[in-house]
Each structure stands twice: as structure tokens, then as C-alpha cells.
Amino acid sequence: MGFFTDPEILIGAKLLEVLYMIIGLVTIYTGVKNGMDEKNPSRTGTAIFWCSLGIVLAFGRLIPPIINGIIIIIMTIPSILNKVKVGKQNAPTQEEMEKSYDKIGMKIFIPALAIGVFAIIFALFTDMGALVGVGAGVFASIVILMIFSPNNKPGVFLRDSERLLSTVGPLSMLPMLLASLGAIFTAAGVGEVIASLVGNIIPQGNVNIGIIVYALGMMLFSMIMGNAFAAITVMTVGIGAPFVLAYGANPVVIGMVGLTAGYCGTLCTPMAANFNIVPVAMLEMKDRMGVIKNQIVPAGIIMIFQIVYMILLK
Amino acid sequence: MELIKLSGIIIVIIGFALKKDSILIILSAAIVTALVGGLGVVGLLETLGTSFVANRSMAIFILIMLVTGTLERNGLKEAAANLIGKVKRASPGMVIGLYGIMRGIFAAFNVSFGGVAGFVRPIIMPMATGAVEATGRDINEEHLEQIKGMSSGMENISWFFGQVLFIGGAGGLLVQSTLASLGYNVELIDLVKVEIPIGIFAIFITIVYYFLKDKKLRKKYYGDGVERGE
């Protein structure tokens, strides 16, 4: 418990650690609930996945890195074997939602917007950080919902979060795993190898050309992989850092706009099936590429705007 | 042979392109890169453990889920439907544009209303086609196809470029941690600020483009009759 009593450590860092414990416990609850749920077709695999994830989230700071690494490998196994499933779910009925709306009405937007408002307030006016603000916003939102309706008991929030977490499933871990992969790429020196390769094509030291290659590369890689999150790890380590950031460009502008340059690629590819192909089926469209065709022109204009923006603000 | 260090990147690109299991791809790429890059098994496990714990901020979405589901239970979608339903007699292009603004603003607060299946199909589509049908005409099939495409496009673009304005969204967190692993420490609020002009431009330009496209299509399929409604 030395971490929490150490006066050298900022209160924001301590509160964030408390939030991670809550997040971890919700995740462990998801594992335990599914492990005991007879309606779940894969109780063991589901329980292993969520419980090991929950342990790393809640207590990872206290566990030696190598043990954390082993637990994460264990976590991925049931996911890869497709053994993480959804159990019995208590989704709200249309009738229940309409009845609540009749009672609460437009006031429901107050708790819905609270999280974002608290995040902004905490980021701008405290030194505790935006994420502690998100936590405070979630807490405020829960309190407001409980005031609105006596039906909103603590167990309802917990069960509803389990329902959503089980529904999004292991794929929700994608950003975290990609970030870890980025760290492994960096540790293994992948960036230097790409830099020496691409250095034969791009003139070193011309930051504007570096930005254009980085942004177009983000778009192209996102199209191939169907996922800007996977592209940003690879592209920033390989192109962004050695050809743009190494020459003093602003990492905030390059990194963030690089990601949304990737989003323009996501808008133009059938590989991003969730966004571009599934809606075709849901809306019973005739042309399989009908959504993408309507996104190409805006994506192109946004892309040009972003490249100019990066060059001007670098 | 330095090139062998790129095997992990090749695995990621080919793996995603072939639609293999995402977690399997990442794990294989991590293992291969660590082994050919000289980290060894211990180095792999330690780097994986350290970076995963350092990136726990990305799990903040689980905390947000504590209210997301209960908000839905308490009628959030019905309230949103009612809010946009206040718009009467708007052209399809205007309905899509107004939805884009609403979705963009709520996306910046990380609030979604149910996607294409939950919101566009049951609420936006009838509103968009209703304006044409109100003039006593049947909706042209090709026009309907384009309205569907534009509604989905608006749904995607407003979400992508609105959600990057939420402090604590997955995109900003991933950029933050990617930069941190390269030695650049940046704040989430600064990442959001840089994205504000981009988010506004992206949603605005899409609204304008769809509005003009719809106007052209209505002229093509129904002549000038519908124009008087504006």
C-alpha cells in the first residue's frame, strides 16, 4: 500500500489507480458471472479470458512484468480458440425503454453528457488529468440516474456493463494489444530498419515530403488492414518517427492527425466491413459498395485538408 | 539480415488483409518480432507485461460501460429519436445533415444511439423518405439507394471525426501510448484540441456534399416540384 500513502505520488495518479481497480473488478465480475452461467456455451474459456484481463487491469502495477506478460498470453488463448462467448443477457425491452423515456424524458441527456463534461473540466482546471475526470463523470452519471429512477440500483449498472462488455468481447482489447505490439516493435528496433529502407526513397530531412508519405501511408495501410488502429502503430514507428518527428515536427499534430488520415482510408475500404459492408445488408441496399461510393469524395477532401493542416502546423 | 526484423509487420499486414483472427495476428507478430529482434522469451514477456500495464488507460471504456447500458435502459435512444423528430418537412439531404450534426456533437461526448440497425434504419430513413412521400410521390428506387448510402456515410464520418474530440477515446489513447513508446509524451487534451478544426471541417464538408448531391438527385428524379418545399 506504499503507493497510496507516498506523498511524492500525485493524487491524480493514485485516483487513476483506484479507477483501474474498479475497471479490473468489473472485468473479473464479467468472468465470474459467465463462469457460473449455465446458458454460456463456453464457461471456462470465457471466465479465463475476463478474469485474467481483470487481474492485470486491477493489480498489474503490483505484479512483476514477466508475470503480467504470462497472464496476458494466457488471456489470449481462449480468445484465439474462439472460446469466449456471451451468456444469458438481460437486455432492456422496447417497452421498458419507452416507459423510462415517458418518465425521464429529455433529462436523460444530462447523465449522458456528464462524462464528457467532467473530462473536459478535469483536464482544463485540475492537475488530476482527463481520465480521472472521466471517472468522476461516470460516478456523477450513476448518481443522477439513481435519482431519476428507483429502478436504477447498483446491481443494474453492474449487470448492464457486463452485458455490454460480453457483447463487445475480446476484440475490445485490440487497441491495448496493438499498443503493446508497438512497444515490442520499438524495443526490437523495427523502426530503424524501415527508416534505412525508406531512406533510399524519401530524401531525409524533407519534413513536408515525410508528412505526405506518412499521411498517405496511413490511409493506404488502413485500407489494406481495414483498421486505422493497426496502421498507426506500424506507420508511426516506421515513417512518422524517423522521417517527421526526428526533425522536430510537433508530435501532437503528426500523431493525432495521422490517425484521422487513417480514418479516411477506413472510409474507402470493404476491409472495414463493420462500417462499410454491414450497413449495406442492414439497409437492404443493392450495391455492395454503395456506402463506400458515398464516402470516397468526403474522404478525399478531408484527406487533402489534413495533409495541408499537418504541413502548416508542424 | 536486418530485414528479418520486419517479419512482424508483414504478419500484421497480411493477417489483417486475410481477415485472420485479430488477436492471433497481434500475438504472432509480437512473438516473431521479439524472437528475431533478439528480445528472447523473457524479453517478450517483460515488454508485453510492462506495456500492457502502462496502457491500462485504454480500458477506461469499461468504466464508461457502467453507465452506457443503463442509459440505454432509461430511454436514451427514445430521447434522441424525439429530439431529431422535432424536425418536420425537411428534405432528405437536410435530415441527413441534421443527423450528422447531432451525431457529431454526441460523439464528442462518447454517446451513441444504436448505429445503423438501432437508429438509422428505424428513425432516420423514414424521416428522410417521408419528405418526398409527403408530396404525394413514390420515392424513386435509385434515389432511395443513394439516401441509404449517404445516411450510412454520415453515420460513419460523424462518429469517426466526432469521437476523436472525446477526451479518453480509444484513438487519442492509442496515439498517446504509441508516441510514448517512441519517447514523446503528449497530453490527451492537446490531442483533442488539435483535432477540433479537423472534426468540424470533416462533418461540415460531408453535410454540404450530401446536401448538394441530394438536391441534384431530387431534380433529376422528380423535376422541380419538390424544390418548393425548401
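How many helices and how many strands are there in chain A? Chain A has 16 helices and zero strands, where helices (H or I, at least four residues) and strands (E, at least two) are DSSP runs numbered from the N terminus. Residues are numbered from 1 along each chain as its sequence is written, with chains lettered from A and ligands numbered from 1 in the order in which they are written. This is a predicted model: local features need pLDDT of at least 70, side-chain atom pairs count only at pLDDT 80 or more, and totals for chains, interfaces and linings use all residues.

**View 1. Chain A and its domains.** Chain A splits into domain 1 (2-80), domain 2 (94-152) and domain 3 (189-313); the bounds come from an automatic or database domain assignment. The C-alpha centres of domain 1 and domain 3 of chain A sit 33 Å apart. Along the principal axes, the C-alpha atoms of chain A fill a box of roughly 65 × 60 × 45 Å. Of its 314 residues, 52% count as buried (20 or more other C-beta atoms within 10 Å of a residue's own; exposed means 12 or fewer, partly exposed is in between, and C-beta atoms are placed from the backbone).

**View 2. The largest nonpolar core, around Val134(A).** A nonpolar core here is a set of buried Ala, Val, Leu, Ile, Met, Phe, Trp, Tyr and Cys residues joined through C-beta atoms within 7 Å. The largest one has 174 residues, and Val134(A), Met218(A) and Ile64(B) touch the most other members. Helix α12 (residues 228-244) of chain A gives the largest share of this core, 12 residues. Leaving out residues up to four places away in sequence, Val134(A) touches Ile115(A), Phe118(A) and Ala119(A) in its own chain, plus Ile60(B), Leu63(B), Ile64(B) and Gly168(B) across in chain B; contact means C-beta atoms, placed from the backbone, within 7 Å.

**View 3. Where chain B meets chain A.** The contact takes 104 residues from chain B and 123 residues from chain A.

**View 4. The bend in helix α7 of chain B.** Helix α7 (residues 115-133) of chain B bends by about 40 degrees at Arg121(B), and a proline, Pro122(B), follows within four residues. The bend is the angle between axes fitted to the seven residues ending at a residue and the seven starting there. Buried residues of α7(B) include Val116(B), Phe119(B), Ile124(B) and Met127(B). The buried residues of this helix pack against α15 (278-282) of chain A, along with α5 (76-85), α6 (92-107) and α8 (141-163) of chain B.

**View 5. Two loop residues with positive phi.** Most residues other than glycine have a negative phi. Glu284(A) has phi near 55 degrees and lies in the loop between α15 and α16 (290-313) of chain A. Lys19(B), with phi near 60 degrees, is in the loop between α1 (7-17) and α2 (22-36) of chain B. Lys19(B) is exposed too, with 11 other C-beta atoms within 10 Å.

Key
Two residues are in contact if their C-beta atoms, placed from the backbone, lie within 7 Å.
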